[in-house]
Every structure is written in structure tokens, then in C-alpha cells.
Amino acid sequence: MLSTLKERTGEVLLPGDEFSFETDDSISLTGPVRPEKVVCGPGLRRSGDRVLVCKSGVLRHKQPHMFWMDSQQRRYVPAKGETIIGIVTVKSGDVFKVDFGGSEQASLSYLAFEGSTKRNRPNVQVGDLVFSQFLIANKDMEPELVCVDSSGRANGMGVFGGGGLVFTVSLGLVRRLLTPHSEVLADLQQLFPCELVVGMNGRLWVKSSSVQQTLVISNLLQSCDTMTAQQRRQLFRRVAQGAL
């Protein structure tokens with residue numbers, strides 16, 4: 001299975017494709033037992049001795065044995081621990097309702113902020129942007145957000161967004177921006193220094209020195225969704241030269 005997955009890396013796969021153990025992958029009864037470990041990322045699912053494709057896209061591989069499907073999906077499904085950019089829509093009693101772009105809204109308690117108590121409540125208004133993470137993300141329960149980490153610190157989370165711009169990109173571009181040493185971010189920072197907040201739900205918040213630069217950055221990032229690395233460098237070079 002592992003050799004087949006590596007051979008198919010970079011190919012377009014469709015839901016229903018599967019990988020199973022081959023003759024060469026069988027465990028010898030006389031030799032030492034070396035169990036095969038395959039880490040399935042987004043778009044892949046392990047079912048017994050098979051790996052099933054449940055999302056169309058390009059198969060990607062990361063050493064040693066991690067595989068996932070790279071797709072241009074825009075519909076976000078919440079997962080526990082992921083950080084998102086949400087918009088406060090309702091303020092009722094002790095709970096805020098936050099829109100994160102999913103099928104239903106998530107709840108955010110006023111006690112889920114660093115240093116907040118019953119007397120010292122956070123200043124959160126309807127329409128504010130919050131950078132938070134999922135504490136509960138279950139298909140049978142209402143999603144719940146918090147603005148603190150496991151040690152009770154904000155760690156960059158909370159209300160933000162004064163003077164910036166929020167826009168939406170594909171989830172594939174979000175993963176490319178969050179990878180260590182991202183080429184897209186490196187090229188963008190050389191072109192326009194800016195503040196950037198990336199949410200796993202496909203929302204980006206950007207703020208630059210001027211409104212014009214902020215709009216240019218948002219258009220560049222949205223254009224990177226369907227561009228190759230070479231096309232992106234050519235576009236950034238033309239912008240740097242003032243051609244666009």
C-alpha cells in the first residue's frame with residue numbers, strides 16, 4: 001500500500017478510489033514484523049486494511065508516511081483545536097453566537113476569554129471579529145469556541161480587526177499559507193509588509209499601511225488560489241514593477 005500511495009502522489013484522485021495491501025506488503029512469518037503506518041490526512045479515510053479516498057483532489061505526501069488530498073474546497077467542516085476567524089452575530093446573556101462559515105453558528109461564552117470573570121466581562125459587540133479555536137466540534141453537538149489555550153492564555157486569540165479587511169479563500173490556500181516557510185507569505189512580505197491573520201475556515205484578515213495596499217494584497221491572495229508557483233512569481237514581479 002505504501003509504495004502504491006507514493007507512486008500515485010501528485011495524481012488527481014476521485015472519491016471511491018482505494019488502496020489496499022499488495023503481495024509485496026504482506027508480513028513475513030519468518031522475518032521481523034514491521035507494521036506499516038500510514039497517517040491519513042484530510043480527504044483520506046482508513047477502513048481496515050484499505051485507504052479510501054473521500055474527497056476529490058491531488059494526492060500529497062509528507063515524510064515519512066503522511067498522505068492527504070489537496071483540493072480547492074471552500075465548505076468548512078469544524079474540527080476540534082482548529083483556529084478560525086468568526087463574526088459575532090448575536091449577544092444574548094452570557095453567550096455570544098459566532099458565524100464561522102459553517103452549517104450552523106458556534107457559541108462563545110464570555111468566560112472563554114483571558115482574565116474574564118463575572119465582574120470583568122470582555123468588551124465584545126455584535127459585528128466584532130474574533131480569532132478563536134474550537135473546544136467542541138461534534139456533528140451531534142453545537143460547536144463551542146474559546147479564546148484561550150489549554151493553559152488559560154490568550155496566545156493571540158480574542159477580538160481583533162480594527163481597520164483591516166476580511167475576505168474568503170479556499171481551504172487549500174489556507175493550508176499553503178500555514179505551512180512552515182510558506183513561499184506565498186515570503187513573496188508577499190517582500191512585496192508589501194502587512195499584518196495577516198489566517199483562519200482555518202478559509203477567512204483571511206489583512207491590514208497594510210494604506211487602504212490601496214490592503215485591497216491589492218487581498219486581490220493577490222485570491223488570485224493565488226488557482227495559480228502555479230511560476231505564475232504567482234510572475235504576477236508578484238509585475239506588481240513590484242508597477243505594471244498592475
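This is a predicted model: local features need pLDDT of at least 70, side-chain atom pairs count only at pLDDT 80 or more; totals for chains, interfaces and linings use all residues.
**Entry 1: Phenylalanine 131**

Is phenylalanine 131 buried or exposed? Its relative accessible area is 15%. The cut-off for buried is under 20%, so I noted phenylalanine 131 as buried.

I then looked up the aromatic pairs and found five in the structure. In one of them, phenylalanine 131 pairs with phenylalanine 160. The ring centres are 6.5 Å apart and the planes stand at 85°, which makes the pair edge-to-face. Phenylalanine 131 belongs to strand S11, and phenylalanine 160 to strand S13 (residues 158-160). The two are 29 residues apart, and I recorded the pair as a link between distant parts of the chain.

I also found ring pairs that join Tyr76, Phe100 and Phe134 into a cluster.

S11 has eight residues, and six of them are buried, so I wrote it down as mostly covered.

Which strands pair with S11? I listed S8, S13 and S12. S8 and S11 run antiparallel and are joined by five bridges. Across that pairing, glycine 86 faces valine 130 of S11. S13 is also antiparallel to S11, with three bridges. There, leucine 129 has phenylalanine 160 as its bridge partner. S12 is joined to S11 by three bridges, again in the antiparallel sense. In this pairing I found glutamine 133 opposite valine 146.

**Entry 2: The nonpolar cores**

I noted a general point before going on: in soluble globular proteins, nonpolar side chains tend to be buried together.

How many residues does the largest nonpolar core have? I read 25, and the residues with the most contacts inside it are Phe96, Leu108, Phe134 and Leu145. Two or more residues each come from strand S8 (83-92), strand S9 (95-99), strand S10 (106-109), strand S11 (129-136) and strand S12 (144-146). S11 gives the largest share, four residues.

I went back to leucine 108 and looked up what it touches beyond four places in sequence. The list is Asp94, Val95, Phe96, Val98, Phe113, Val130, Leu145, Val146 and Cys147.

**Entry 4**

I followed S10 to its neighbours. S9 and S10 run antiparallel and share four bridges. Valine 98 sits opposite alanine 106 of S10. The two strands make a hairpin, with six residues between them. In the turn, glycine 101 has a positive phi of about 90°.

S10 also pairs with S12, this time in the parallel sense, over two bridges. I found serine 107 opposite glutamate 144 of S12.

Where is threonine 117? I found threonine 117 in the loop between S10 and S11. Its relative accessibility is 40%, so threonine 117 counts as partly exposed. Setting aside neighbours within four places in sequence, I listed Tyr110 and Leu111 as its contacts. A polar atom of the threonine 117 side chain lies 3.0 Å from the backbone nitrogen of asparagine 120.

Threonine 117 and serine 218 are 101 residues apart along the chain, and their C-alpha atoms are separated by 37 Å.

Tyrosine 110 came up again in another search. Arginine 121 lies over the face of its ring, at 4.0 Å from the ring centre.

**Entry 3: Another sheet**

I then turned to an open sheet of four strands, in the order S1-S6-S7-S3, with mixed pairing. Strand S1 (12-13) and strand S3 (39-40) are its edges, and each pairs on one side only. Strand S6 (residues 57-62) and strand S7 (residues 66-70) are antiparallel and are joined by five bridges. Valine 58 has aspartate 70 in S7 as its bridge partner.

**Entry 4: Helix H2**

Last, I looked at helix H2 (residues 171-178). Which residues of H2 are buried? I listed Leu171, Gly172, Leu173, Val174 and Leu177. I then looked up what covers them. The cover includes S7, helix H3 (183-191), strand S15 (195-198), strand S16 (203-207) and helix H4 (211-223).

Definitions and conventions:
Residues are numbered from 1 along each chain as its sequence is written. Side-chain values use heavy atoms; hydrogens and water are left out. A nonpolar core is a set of buried Ala, Val, Leu, Ile, Met, Phe, Trp, Tyr and Cys residues joined through side-chain atoms within 4.5 Å. Buried means under 20% relative accessible area, exposed over 50%, partly exposed in between (1.4 Å probe, protein chains only). Contact means heavy atoms within 4.5 Å. Two strands pair if DSSP finds at least two bridges between them. Rings of Phe, Tyr and Trp (its six-membered ring) pair if their centres lie within 6.5 Å; planes under 30 degrees apart count as stacked, over 60 as edge-to-face and the rest as tilted. A charge sits over a ring if NZ of Lys or CZ of Arg is within 6 Å of the ring centre and within 35 degrees of the ring normal. A polar contact is a pair of N or O atoms within 3.5 Å; within protein, one must be able to donate a hydrogen and the other to accept it, and residues adjacent in sequence count only if both atoms are side-chain atoms.
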